[in-house]
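Hi there,

Here is the structure I promised to pass on. Please open it alongside this note, and I will walk you through what turned up.

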Amino acid sequence: MTNRSSLSPKLTLSDLYDSNIVYTSRPSYISNPWLEPEEHQSNFLTGRELIIANQLPVIVHEASVTDKLKTLLETIGKTMPTNVFKFKDQESYEQLIKYLAHKENKKIYFQYIHDETILNKSFYALDKDIFSALNNKARIPEWTNYKYLPNREVIDIQHFTDAVSKWNFPFVLKPGDDLPTAGGYGVMICYNEHDLTKATTRIMAAQEETDSIIIEQKVEAIANYCVQYAYSEQEGIRYIGTSEQLTGKYGHYKGNQNVQQVPETVIEAGREIMEIGVSKGYYGVAGFDLLLDKNGDVYAIDLNFRQNGSTSMLLLEPLLDKGYHKFYSYISPVDNAHFFNTILKYVNKGVLFPLSYYDGDWYDNEDVKSRFGCIWHGESKAEIEAIEQQFLKELDVN
């Protein structure tokens, strides 16, 4: 088994950010119609970048840094991150952000924008207006230099019903504003009238907070890539790798796997988009969802100027066994003790690289399922798929 303690990631987040910056990957407790993650899932997300953060301080929920994570990390020769600021609920989270900004003179690098009532935009490490604009799906044409675009139109939500009636199935609907989305939750793929009816209900319910809707051609893709780059003044633009996105029929995110060969047209399209973002003032990690069709044409369907689910998998590649890599996360289907012990068994086997562990047993008076973020790694996809199926069978033992 690889001696992982002696190996280093391609790059860490502290290579990109100044020492006065603190990072938070938690969505705001103030939800919106297109990003309504369950509270424990949002808390779980705070631990996802701990290994790649290096010296960058991270705001993290207390349940994501218990002895369970310490044990998992020690198994792969890693120490428990200490450069963290902990919170336990909404009040302590928001108080912590305000304290760090107002009392410690820290700038906050947000994975998702927060309301001005929580923190004024002057305390954002990355200009909030730039961040919002670059992640606005309606403005994708600007950031692609009006290239790599499916057929699309952005329409006022008041005119949605009339506009969508002129489109033939299948098509894709997305919010066309600054409100953050994640994991495909804000994407509505319509194959038929039933899908459109469900989507229309969601859209009408969001009228108070959303002004426009995007109607977009559904590309018949042969590959769905997340091509990623990093930028700082010291590093310049660095291509950090590409993963293939695993999604369901309706676009919901189901993890990522590594790709051995990526078409140069995809890499160059991503670099062009990153260069435009940097020219507008962006720095950090960004990942762009680029589809490839049977004709070799590239389509940009989403631009994530932020860390992505598979960012850790790409940066940690030197620490993983050569071959097949898959980023995924699990929620305990059984009791938390059995969940943890099964995970630990497979980490010890050298096929499961732990990234994060949200310890449901941290809660004394609430039944909370533990969650685990990880990377499977081994010689081949077939080998890892067989091992993962065995892992799932062992988890399912009642």
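Two strands are called paired here if DSSP finds at least two bridges between them. Helices (H or I, at least four residues) and strands (E, at least two) are DSSP runs, numbered from the N terminus. Before the details, please note that this is a predicted model, in which local features need pLDDT of at least 70 and side-chain atom pairs count only at pLDDT 80 or more, while totals for chains, interfaces and linings use all residues. Residues are numbered from 1 along each chain as its sequence is written, and side-chain values use heavy atoms, with hydrogens and water left out.

**The four-stranded sheet**

Let me start with the open sheet of four strands, whose order is β5-β8-β6-β7 with antiparallel pairing. Its edges are β5 (152-156) and β7 (188-190); each has a single partner strand, so one side of each is left without a neighbour in the sheet. On average, neighbouring strands in this sheet are turned by 25° against each other, direction ignored. (For such angles, axes are lines fitted to C-alpha atoms, for helices over the stretch in contact, and angles run from 0 to 180 degrees between N-to-C directions.)

Strand β6 (residues 171-175) pairs with β7 in the antiparallel sense over three bridges. Within that pairing, Val172 has Ile189 in β7 as its bridge partner. Helix α8 (residues 193-205) packs on this sheet and touches β6, β7 and β8 (212-217), its direction making about 150° with that of β7. Contact means heavy atoms within 4.5 Å.

**The eight-stranded sheet**

There is also an open sheet of eight strands, in the order β13-β12-β9-β10-β11-β14-β16-β15, again with antiparallel pairing. The edge strands, β13 (298-304) and β15 (352-358), each pair on one side only.

On one pairing, 10 bridges join β9 to the antiparallel strand β12 (residues 284-293), and Val227 stands opposite Phe288 in β12. Helix α9 (residues 264-279) packs on the sheet, touching β9, β10 (236-247), β12 and β13, and its direction makes about 40° with that of β9.

β9 also pairs with β10, in the antiparallel sense over eight bridges, with Cys226 opposite Ser243 in β10. These two strands form a hairpin with three residues between them. β10 then pairs with strand β11 (residues 253-258) in the antiparallel sense over four bridges, and here Thr247 stands opposite Tyr253 in β11. The β10-β11 hairpin has five residues between its strands, and Gly251 in the turn has a positive phi of about 85°.

**Rings and charges**

How many aromatic pairs does a search of the whole structure find? The count is 23. Rings of Phe, Tyr and Trp (its six-membered ring) pair if their centres lie within 6.5 Å; planes under 30 degrees apart count as stacked, over 60 as edge-to-face and the rest as tilted. For Phe110 and Tyr124, the ring centres are 4.4 Å apart and the planes are at 35°, so this pair is tilted. Phe110 lies in strand β4 (residues 107-110) and Tyr124 in the loop between β4 and α5 (128-134), so the pair ties together parts that are 14 residues apart in sequence. Both Phe110 and Tyr124 are buried, where buried means under 20% relative accessible area, exposed over 50% and partly exposed in between (1.4 Å probe, protein chains only).

Tyr229, Tyr239, Tyr282, Phe288 and Phe305 form one aromatic cluster; Phe288 is also the residue opposite Val227.

Two charges sit over rings, that is, with NZ of Lys or CZ of Arg within 6 Å of the ring centre and within 35 degrees of the ring normal:

- Arg26 has its charged end over the ring of Tyr93, 5.9 Å from the centre.
- Lys249 lies over the face of Tyr191, 4.8 Å from the ring centre.

**His40**

His40 belongs to helix α1 (residues 39-45) and is buried, with a relative accessible area of 11%. Leaving aside residues up to four places away in sequence, His40 touches Tyr358, Tyr363, Glu366, Val368 and Arg371. His40 and Lys369 are 329 residues apart in sequence but 8.7 Å apart in space, C-alpha to C-alpha.

**The whole chain**

Overall, the protein chain holds 12 helices and 16 strands. Buried residues make up 56% of its 398 residues.

Best wishes
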